[in-house]
Amino acid sequence: MLKLEDFKAAKQRVDEVILETHLIHSDAFSAECGNDVYIKPENLQKTGAFKIRGAYNKIVKLDDEAKKHGLIASSAGNHAQGVAYAANKLGVKATIVMPSHTPLIKVEATKAHGADVVLAGEVYDDAYAKAVELQESEGYTFVHPFDDEDVMEGQGTIALEILEELPDADMILVPIGGGGLISGIAAAAKLIKPDIQIIGVEPEGAASASAAIQEDQVVLLSEVNTIADGTAVQQIGSKTFKYIKEYVDDIVLVNDYELMEAFLLLVEKHKLVAEGSGILALAGLKKLKTKGKKVVSLISGGNIDVLTISSMINKGLISRGRIFTFSVQLPDKPGQLELVSKVLNQCNANVIGVDHNQFKNFARFSEVELRVTVETNGNAHIQMIIDEFNKLGYTITKIN
């Protein structure tokens, strides 16, 4: 198992390439979960994610013979950029295998750092299989994204920075994909402060670490389905499983809607953008049973394309009750639109869309359907609007 001296030596190595990502206190997330929350923004790293730490630490430690053969890696995106950046800096050829549906921003960024990119398979595990195939046929040196102690060592440098800046931290929340990040952070943090709590956060649709803990062995999930594509791993590593069992105190699960809500809050309150997997530890804050603790929540990455940002914001607004779309059946006579407008004005709901359809409801010839989208201030505000219409005898059908 890694020792504290290993992490300290890794810190000296990765300091050559990383940016300092100082903790940010969050009033908004503190209020959401009842703890004193600090954000560690690794989305601000040079490659947009923490992965540069482990990749650089691994590659710089390779001997000349291993480097001469060239590097091969598999990645859903962020490890790819970390390996590509490190390899380019150290003058080593790198080939990266990525899932076919990897966001274009991650593919292009990897190529921009000088690596060759091969697209293969639907999920990370498919890309990994292709990378192993290429390693065997071409003689490349493999740089694993998580199941490698040199990589874990690099990722663990995050814990050293957190505890240097906030030595009285009670808890660190860390996303889990393959387990390399949490293994390194948990080990380093516990070696410095044994009583600190390390909480892993997984997407419900790719909970491979939770499954492994439950079965007490590494488990291959039949499928993964989550917007957190960077953590869409069907099976955690055998080495990382050992570290998770030894050092991680608990694992909580979050769904895609909870991820979108956390994304929206981060954008609104901190003007920071993170990818789906990067937001896991913030979404996990609501799952904590403790109150009043000093909690550090790690944003692991921010490599997300503009279209996905737009989708996340819109769905996050709906999930948090900030946008409300409803339909109501109205008598087909003059004055009804004015009545609806008056009710919404009294409720201080801003109308952003209206569809008045006289021809849709043939079952009730004397009625028409009105579909309205309004800006609201949360679910309590939505319920107030529903109640006001109910008082007038109108039944609201919620669309979203």
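# Close-up views of a predicted model

The model shown is a predicted one, in which local features need pLDDT of at least 70 and side-chain atom pairs count only at pLDDT 80 or more, whereas totals for chains, interfaces and linings use all residues. Residues are numbered from 1 along each chain as its sequence is written, and side-chain values use heavy atoms, with hydrogens and water left out.

**View 1. Strand β10 within an open sheet of six strands.** The strands, which like the helices are DSSP runs numbered from the N terminus (E, at least two residues, for strands; H or I, at least four residues, for helices), follow the order β1-β2-β10-β7-β8-β9 with mixed pairing. The edges are taken by β1 (24-26) and β9 (250-254), each of which has a single partner strand, so one side of each is left without a neighbour in the sheet. From one strand to the next the twist averages 30°, with axes fitted as lines to C-alpha atoms, for helices over the stretch in contact, and angles running from 0 to 180 degrees between N-to-C directions. Two strands are taken to pair if DSSP finds at least two bridges between them; β2 and β10 run parallel and are joined by six bridges, with Ser297 in β10 as the bridge partner of Ile39. Strands β7 and β10 also run parallel, joined by three bridges, and here Met171 stands opposite Val295 of β10. Towards β9, strand β8 (residues 197-203) pairs with β9 in the parallel sense over five bridges, and Pro203 has Val254 in β9 as its bridge partner.

**View 2. Helices α9 and α10 on the sheet.** Helix α9 (residues 157-165) packs on the sheet and touches β2 (36-41), β7 (171-175) and β10 (294-299), its direction making about 135° with that of β2. Helix α10 (residues 180-192) lies across β7, β8 and β10 and runs at about 165° to β7.

**View 3. The largest nonpolar core.** A nonpolar core is here a set of buried Ala, Val, Leu, Ile, Met, Phe, Trp, Tyr and Cys residues joined through side-chain atoms within 4.5 Å, and the largest one has 36 residues, of which Ile172, Ile185, Ile198 and Val296 touch the most other members. At least two residues of this core are supplied by each of α9, β7, α10, α11 (208-215), α12 (238-247) and β10, and the largest share, seven residues, comes from α10. When its neighbours within four places in sequence are left aside, Ile185 is in contact (heavy atoms within 4.5 Å) with Gln155, Gly156, Ile158, Ala159, Ile172, Val174 and Leu298. A second, separate core of 32 residues includes Val252, Val254, Ala262 and Ala274.

View 4. The buried residues of α12 are Thr240, Phe241, Tyr243, Ile244 and Tyr247. Seen down the helix axis they fall within an arc of 165°, an arc taken over the directions from the axis to the C-beta atoms, so they line one face of α12. These buried residues pack against α8 (149-155), α10, β8, α11 and β9, while the face turned away from the buried side carries the exposed residues Ser238 and Glu246.

**View 5. Gly316 in helix α15.** Gly316, which lies in helix α15 (residues 306-319), counts as buried at 0% relative accessibility. Gly316 and Met260 are 56 residues apart in sequence, yet 4.7 Å apart in space, C-alpha to C-alpha. Beyond its neighbours within four places in sequence, Gly316 is in contact with Met260, Glu261 and Leu264.

**View 6. An aromatic pair formed by Tyr128 and Phe142.** Rings of Phe, Tyr and Trp (its six-membered ring) pair if their centres lie within 6.5 Å, and planes under 30 degrees apart count as stacked, over 60 as edge-to-face and the rest as tilted; the structure holds six such pairs. The rings of Tyr128 and Phe142 have centres 5.6 Å apart and planes at 85°, so this pair is edge-to-face. Tyr128 lies in helix α7 (residues 124-138) and Phe142 in strand β6 (residues 141-142), so the pair ties together parts that are 14 residues apart in sequence. Tyr128 counts as partly exposed at 32% relative accessibility, whereas Phe142, at 15%, counts as buried.

Terms used:
Buried < 20%, exposed > 50% of the residue type's maximum accessible area, 1.4 Å probe, protein only.
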